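Please read them alongside the coordinates.

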Amino acid sequence: MKVVAFASSKGGVGKSTLAFNTAIHAARSGVGVQLADRDPQRSLMDICLRRRDMPELVEDNPMLLENVATVSDAVSVLTESGYARDYLIVDTPGSFMDIISEAVGMADVIVVPLRASPFDLLAQEAVLSAIETLGKTDRIVFVVNMAEARSPLVKDALEAVRPMSPNKPLTIANRLDYARAAVSARAAVETNKDAAGEISALWDAIKRVARKDNGGKIHGQPSKPGKRRT
């Protein structure tokens with residue numbers, strides 16, 4: 001089982017929406033996916049529960065895990081019971097660094113969404129520091145989310161984060177279909193081909209990072225100290 005944590009030390013960057021769309025895309029491609037919502041706001045859980053109540057959308061993949069105390073416990077229980085699937089996708093809060101750090105410590109891939117704003121990048125300092133301390137900067141996939149077409153700030157944001165991880169940063173456009181998910185319980189990848197292309201690119205990036213050799217280390221152990229350039 002590979003753990004993918006969507007992490008940010010700022011709220012309002014679209015972590016839950018990206019996690020939901022990524023999980024739906026992965027499941028539609030035949031990958032076994034489980035979801036854990038560690039954000040006390042429970043936005044991801046709310047969407048998934050709403051989806052459960054829609055007969056035409058009800059499926060067991062992705063599967064929502066409920067009452068998850070820690071990512072570590074979830075991984076242990078799933079692995080020992082034989083119920084672990086290919087990927088566990090974890091949503092985290094925009095604060096509560098103890099929750100974020102625990103999820104990051106277990107993660108094989110860390111998706112860090114941010115808005116195209118200098119303030120958003122500055123607000124990521126806490127989560128980037130935690131990732132660096134754990135020696136996992138090579139596991140980061142930056143996503144400039146809710147990007148406005150032709151905005152110079154998007155280019156500035158991409159250039160700012162590019163030196164912080166060896167993995168190419170991505171952009172996700174500001175599309176109404178993403179926002180509608182909270183009400184419709186339908187992922188944008190199911191309704192918008194351009195959104196499907198964006199999330200497919202993100203999923204491909206996640207798989208590339210997940211396949212990297214971690215030096216034989218188990219979940220939660222850093223491989224080697226990372227160095228974040230600014």
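1. Helices H1 and H2 are oblique to each other, a class that takes in whatever is left once angles under 35 degrees are called roughly parallel, over 145 roughly antiparallel and 65 to 115 roughly perpendicular. The axes of H1 (residues 15–28) and H2 (residues 43–52) cross at roughly 45° and come within 9 Å, where axes are lines fitted to C-alpha atoms, for helices over the stretch in contact, and angles run from 0 to 180 degrees between N-to-C directions. The crossing is right-handed, that is, the near helix is turned clockwise from the far one by less than a right angle.

2. This is a predicted model, in which local features need pLDDT of at least 70 and side-chain atom pairs count only at pLDDT 80 or more, while totals for chains, interfaces and linings use all residues. Residues are numbered from 1 along each chain as its sequence is written, and side-chain values use heavy atoms, with hydrogens and water left out.

3. On the H1 side, Ser16, Ala19, Phe20 and Ile24 meet Ser43, Leu44, Ile47, Cys48 and Arg51 of H2, contact meaning heavy atoms within 4.5 Å. By class, the contact of H1 with H2 has six nonpolar, two polar and one charged residues; Ala, Val, Leu, Ile, Met, Phe, Trp, Tyr, Cys and Pro count as nonpolar, Asp, Glu, Lys and Arg as charged, and the others, Gly among them, as polar.

4. Helix H4 (residues 97–106) packs against helix H6 (residues 125–133) at an angle of about 40°, with the axes 10 Å apart, which makes H4 oblique to H6. This crossing of H4 and H6 is right-handed. Met97, Ile100, Ser101 and Val104 of H4 make the contact with Ala126, Val127, Ala130 and Ile131 of H6, and these residues divide into seven nonpolar, one polar and no charged.

5. Turning to the whole chain, the secondary structure comes to nine helices and seven strands, both being DSSP runs numbered from the N terminus (H or I, at least four residues, for helices; E, at least two, for strands). Of the contacts with a separation of 6 or more, 79% are accounted for by residues 24 or more positions apart.

6. The C-alpha trace spans about 50 × 45 × 30 Å along its principal axes.
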